[in-house]
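Please look over the sequence and the model shown here.

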Amino acid sequence: MGKAKHPGSTPAGRSAGLRPRVSDVPAGPGRQGRVGFLLILAAAIGIQLIDINRPFIDRHDWATAHQSQLARNHLRYGLTVTKTRCMYTKFVENRPDARRIYPDHPPLLPLVLTLSMAVFGVSEIAVRSVAGAFTVASIGLTMSLARGLFGRSVSLLAGLALLPMPILVYFGHIPSHETVALPFALLALRGYFGWLLPEQFQRRPGRDAALFVVGTVLMILTSWVGMLFAGVIWARFAFRVVTRKRKGSAGAWCLVTLPAGIATLVTVTHVLWSLEWNLEHLYGLFAYRTGINQSEILFTAGSWLVCQGTWLWRDYTAVGVVLAGLGLLLAIHGRLRRSGEPSGRLLRYAVPLVIPGLLWVLVFRNGSFVHEYWWLHATPFAAMLIALALSFLSRVMRRLGRAAPALTVVVLLAAMAGEAAARYGYFRRWPAADVFPYEPCQYVRAHTPPAAWVLGNRVLWSKRDYYEGPQQILLPSVAWYLDRFYVRAVTPEEIAALTDHAPYYLFMPSEQDRALGEYLRRTFTLEAEWPDVYVFDLTCHHDPRPPDERSPGNLFFDPPAPPDNIP
């Protein structure tokens with residue numbers, strides 16, 4: 001066993017079964033490959049620029065607003081106050097009693113959004129540009145990885161296949177942990193394979209080892225799924241060393257172990273610190289997202305399978321799913337034949353490419369039942385399968401003429417793009433249960449000081465149990481656009497008690513609140529209205545009671561009845 005810096009040039013590297021035969025080594029990208037690569041990236045940038053300033057009102061944009069609120073609080077309070085912890089607020093005032101910690105995830109994503117807001121201002125563009133940039137990076141890294149493993153043709157076809165996928169076209173605008181962690185994971189994989197297979201990746205193992213370290217650390221600091229990627233890569237390396245009955249070099253073991261171990265330790269310590277070292281709640285986070293506690297399962301096995309199948313069909317398009325299925329059959333057939341073609345090599349590298357993403361969806365079933373975009377981590381592998389299918393079909397069509405192969409690829413990609421365009425209304429529409437008045441919220445925020453309260457008749461919060469007990473959290477998009485303390489008050493007595501603190505009332509009509517709406521119209525001034533929301537000015541109301549009788553005191557610490565209505 002030698003002491004070389006990378007296993008690809010040593011007997012240890014050959015013992016791991018990763019040194020390719022000369023016939024397996026893909027050709028370099030060439031000028032045409034570089035031009036195609038840049039054109040695909042340019043198209044990806046153009047797609048991500050569409051609706052880059054769109055409000056946070058689309059499908060799963062609650063995640064956008066949630067992460068944006070955490071980032072805005074980093075900027076608002078300063079890192080000396082938040083100490084890099086994810087923090088939301090019940091009130092806008094800079095008061096310690098008004099802050100709450102959101103401890104569910106690693107800390108890096110809100111910090112990245114904070115940096116963007118500091119540079120570009122607090123806006124939708126500052127948020128969506130981050131997500132769009134990471135999505136474009138994912139496409140570029142997928143092509144770079146595919147080029148080294150399978151050659152230029154598969155690389156370009158995989159990039160083209162990613163462009164029309166709804167999961168990237170629409171969810172690529174959402175700065176979720178998946179969107180940001182995916183390019184870091186691909187960077188780690190690109191570095192890992194480049195370090196192990198220098199013949200296929202420009203023979204720069206030192207640089208590729210550095211890429212692996214950087215990608216590994218950043219993906220773990222961004223998302224829990226990073227630990228799955230790191231664990232699968234380590235297990236694959238260990239398996240191939242053990243099965244060859246050789247010892248890996250100390251440097252190789254350190255490379256696949258230390259960066260991931262240190263990043264995992266830092267992440268878990270940070271989360272536990274945010275939880276005030278409450279191990280029980282850390283287990284509770286795991287139990288809730290996996291559904292291992294029978295009482296917390298959100299689904300039946302059948303409904304979960306139907307849900308995942310529906311999402312794959314919709315997020316990859318029907319054409320994309322069929323092509324990926326064909327590509328998988330070709331990969332299995334090529335592997336059985338031990339072919340030196342890309343179809344014969346794909347499954348050789350499939351474990352680190354797809355297993356972490358599948359484990360993320362399968363193990364954390366409660367989470368994947370709610371978060372449609374969790375399939376992002378399987379998307380690069382799906383694109384490579386589609387590329388195999390497109391390459392096969394173009395070869396089959398050669399007998400019909402010289403233009404037939406290119407025309408086949410164009411028609412199939414156009415069909416995927418057509419499906420994506422046809423589903424614009426689905427992805428660009430907030431589900432009815434989560435509709436909220438973002439334009440009235442913007443209006444009220446523009447016309448009130450930060451310390452003002454806002455009254456309303458709807459429940460605009462959700463309940464979660466944290467280490468500090470049950471908490472009522474204002475819906476993320478309401479918190480982002482309203483940015484004020486919201487109180488539900490539905491009786492004249494409650495409204496009268498709070499008018500000193502709340503200059504506006506957000507009324508969203510419903511049959512059960514008909515009498516309340518009539519009272520508001522009789523008593524206060526209607527200042528602005530939208531199709532489903534009315535904004536009443538409460539400052540025009542004259543209350544004959546003396547101020548000492550209608551002031552409820554310090555409501556930040558002693559809220560008026562009923563207390564469970566205070567979010």
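Which kind of link do the side chains of arginine 207 and aspartate 208 form? They meet in a salt bridge, at 3.1 Å from N to O; the term stands for a side-chain nitrogen of Lys or Arg within 4 Å of a carboxyl oxygen of Asp or Glu. Side chains of opposite charge can pair when their charged atoms come close. Arginine 207 is partly exposed at 31% relative accessible area, while aspartate 208 is buried at 0%. Here buried means under 20% relative accessible area, exposed means over 50%, and partly exposed lies in between (1.4 Å probe, protein chains only).

The model is predicted, with local features requiring pLDDT of at least 70 and side-chain atom pairs counted only at pLDDT 80 or more, whereas totals for chains, interfaces and linings use all residues. Residues are numbered from 1 along each chain as its sequence is written, and side-chain values use heavy atoms, with hydrogens and water left out.

Over the whole structure, a search finds 10 salt bridges. One of them joins arginine 72 to aspartate 483, with the closest N and O atoms 3.2 Å apart. This pair links distant parts of the chain, 411 residues apart: arginine 72 lies in helix H3 (residues 61–77), and aspartate 483 in the loop between helix H23 (476–482) and strand S6 (485–488). Helices (H or I, at least four residues) and strands (E, at least two) are DSSP runs numbered from the N terminus. Arginine 72 is buried, at 6% relative accessibility, and aspartate 483 is buried too, at 9%.

Aspartate 483 also forms a salt bridge with arginine 76, where the closest N and O atoms are 2.7 Å apart. Arginine 76 is again in helix H3, and the two partners are 407 residues apart. Arginine 76 is partly exposed, with a relative accessible area of 32%. Elsewhere, a network of salt bridges links Arg59, Arg314 and Glu372.

Arg314 is also among the buried residues of helix H14, together with Trp304, Cys307, Gln308, Trp311 and Asp315. Seen down the helix axis, the buried residues of H14 fall within an arc of 135°, so they line one face; the arc is that of the directions from the axis to the C-beta atoms. They pack against helices H8 (166–169), H17 (350–363), H18 (365–370) and H21 (424–427), contact being heavy atoms within 4.5 Å. On the face of H14 turned away from the buried side are the exposed residues Ala301, Leu305 and Val306. After H14 comes threonine 317, whose phi is positive, near 75°.

The strands can be followed from S7 (residues 504–507). In a regular strand the side chains alternate between the two faces of the sheet. In S7, Tyr504 and Leu506 point one way and Tyr505 and Phe507 the other, and all are buried. S7 pairs with strand S3 (residues 453–456) in the parallel sense over 3 bridges, pairing being defined by at least two DSSP bridges between two strands. Glycine 456 stands opposite leucine 506 in S7. S7 and strand S9 (residues 533–537) run antiparallel and are joined by 4 bridges, with phenylalanine 507 opposite tyrosine 534 in S9.
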